[in-house]
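Thanks for coming. I will take a few minutes to go through one structure, and you can follow along on the screen.

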There are 2 protein chains.
Amino acid sequence: VTAADSLTLHSRPPRTTASREAGAEGRPRGRPRGGVLNASKITAASFTLIAQSGYQGLTMAALARTLNVAKSALYNHVASKQDILRLLEEHLISQVDVSAFGTAQWDDAIQRWALSYRNVFAKHTPLIPLIAVLPVAGAPKTLAMYEKVSTGLLEAGFAEDHIVSVIVALEAFIFGSAFDVNAPDGIFNPGRLAAAAPRFTSVVAHLNDSNCNELPADTAFGLGLKAFVRGLRQLRTELV
Amino acid sequence: VTAADSLTLHSRPPRTTASREAGAEGRPRGRPRGGVLNASKITAASFTLIAQSGYQGLTMAALARTLNVAKSALYNHVASKQDILRLLEEHLISQVDVSAFGTAQWDDAIQRWALSYRNVFAKHTPLIPLIAVLPVAGAPKTLAMYEKVSTGLLEAGFAEDHIVSVIVALEAFIFGSAFDVNAPDGIFNPGRLAAAAPRFTSVVAHLNDSNCNELPADTAFGLGLKAFVRGLRQLRTELV
């Protein structure tokens, strides 16, 4: 049993410990094979389904089939696709490194958090449009991350009024940058249209020449993050 | 006939003017009803399909049905879903305002471009994961936008080596911010978990108090963009 099992999955009152443990002691009639259903299993099966057939393939019916349980059993744990999405969000956010907040300088902490956050979501870009607009209610790990970042920014001297905006803006950059990690080689090669865009063609050639040991997406992310944090350092004292 | 008809849609040699005009003069056998198929019609029908049933609903078969043409006729114009996606990209990018480049200061121009770009894509967020990684080859309007932005950054004194990275980083922020425009009210309301995240709960309450006349997404975008451009202004002289 992992920490994911303790998530608040839906608004019904939680089952009692006794009924939770019934499966282990002696299974009630109709209890499906394959062990007791829990949040970790639902999470793992959801990622499997998404890998196979995209987010569209993640339906309650397909999930029940993959888990070899009745749909009604699944509904005891997740009442909607939004509940499933929250499980996936929590699983991903729990992999984001917030350890630098409280130990490193705030700007270093932001940069380490942002890089880790981007790397986690770069592997799951189809979920970004959904997770980016998912309410935090019922997502304790996601809230724990925001608590860490808020505390770091408060201690760095940002005014309370602006901290949510700073976080939202940084996340926008992080999510957008996650897509770039998956960009194909030569995405900016203008091909037969080069003559119509001579300056752009030239700067693309310069990028290719100067970037022998780093992925273009990493160069852009590093530069953007550096600029962003520099600007925040300036604005921090002005925004009061 | 709109400018979209002149797009390079696929790698086959373009049809001759004579065969292009055949539909108007006297239709070859098998020419479908509803007028000659062109890029504008394919673009419009694609957006209709996406609005009805999401990007997954945009298939060559569904598109042919919507346009009331044979699939073979459609394949004369678009050879793949990537070709269709390029039409949609070109249609959207042509709505982005680049008019400030060359007339306003570079930092004002960047901010006007970025706001306009975000607003266009905020209405089409499901396409972002796809368009963000779409090669520019064969997309003249998209290239024309990059040419304007590159020229603006070159004239502002950014080194050629860094211009693509600056553009990629700004676009990441723009695309990520487009999602926020669609965030539901109260997305950061921690609900019953407030006690576990007291600082975050407090800064969320401050945001709600201070934001009476502006959408939170606009506040965050404005702050982030300001920080980003400030930082770029500093880095511009260091990055050589």
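Predicted model: local features only at pLDDT ≥ 70, side-chain atom pairs only at ≥ 80, totals over all residues.

First, the two copies. Chain B can be laid on chain A by a turn of 180° with a shift of 0.0 Å along the axis, and the RMSD is 0.0 Å. The two copies are therefore related as by a two-fold rotation axis. The same surface serves both of them, in that 100% of the contact residues of chain B recur in chain A.

Next, the interface. How many residues does the contact take from chain B and from chain A? It takes 70 residues from chain B and 70 residues from chain A. Between them, the chains bury about 6,200 Å², and 71% of that is on carbon and sulfur atoms. On the chain B side, the residues that lose the most area to chain A are Val164(B), Arg199(B) and Leu223(B), which together make up 10% of what that side buries.

Helix H8 of chain A, residues 140-155, packs against helix H10 of chain B, residues 198-210, at an angle of about 75° and with the axes 7 Å apart. At that angle H8(A) counts as roughly perpendicular to H10(B). From H8(A), the residues in contact include Leu143(A), Tyr146(A), Leu154(A) and Glu155(A), and from H10(B) they are Pro198(B), Arg199(B), Phe200(B) and Val203(B). By class, this contact has six nonpolar, two polar and three charged residues.

Now the salt bridges. Over all chains the count comes to ten, and four salt bridges are found across the interface of chain B and chain A. Arg230(A) and Glu238(B) meet through their side chains in a salt bridge, at 2.8 Å from N to O. Arg199(A) forms another with Glu155(B), where the closest N and O atoms are 3.9 Å apart. Arg199(A) is in helix H10 of chain A and Glu155(B) is in helix H8 of chain B, so this pair joins two chains.

Last, a helix pair within chain A. Helix H2, residues 39-53, and helix H5, residues 81-93, pack at about 95°, with their axes 10 Å apart. That makes H2(A) roughly perpendicular to H5(A). Among the residues that meet are Ile42(A), Phe47(A) and Ile50(A) in H2(A), and Leu87(A), Leu88(A) and His91(A) in H5(A). This contact has eight nonpolar, three polar and no charged residues.

Conventions
Residues numbered from 1 in each chain as written. Chains lettered and ligands numbered in written order. Heavy atoms only, no water. Axes fitted to C-alpha atoms, helices over the stretch in contact; angles between N-to-C directions. Helix = DSSP H or I, 4+ residues; strand = E, 2+ residues; numbered from the N terminus. Parallel < 35°, antiparallel > 145°, perpendicular 65-115°, else oblique. Contact = heavy atoms within 4.5 Å. Nonpolar A, V, L, I, M, F, W, Y, C, P; charged D, E, K, R; others polar. Least-squares fit on C-alpha atoms with pLDDT ≥ 70 in both. Buried area = accessible area lost by both parts, 1.4 Å probe.
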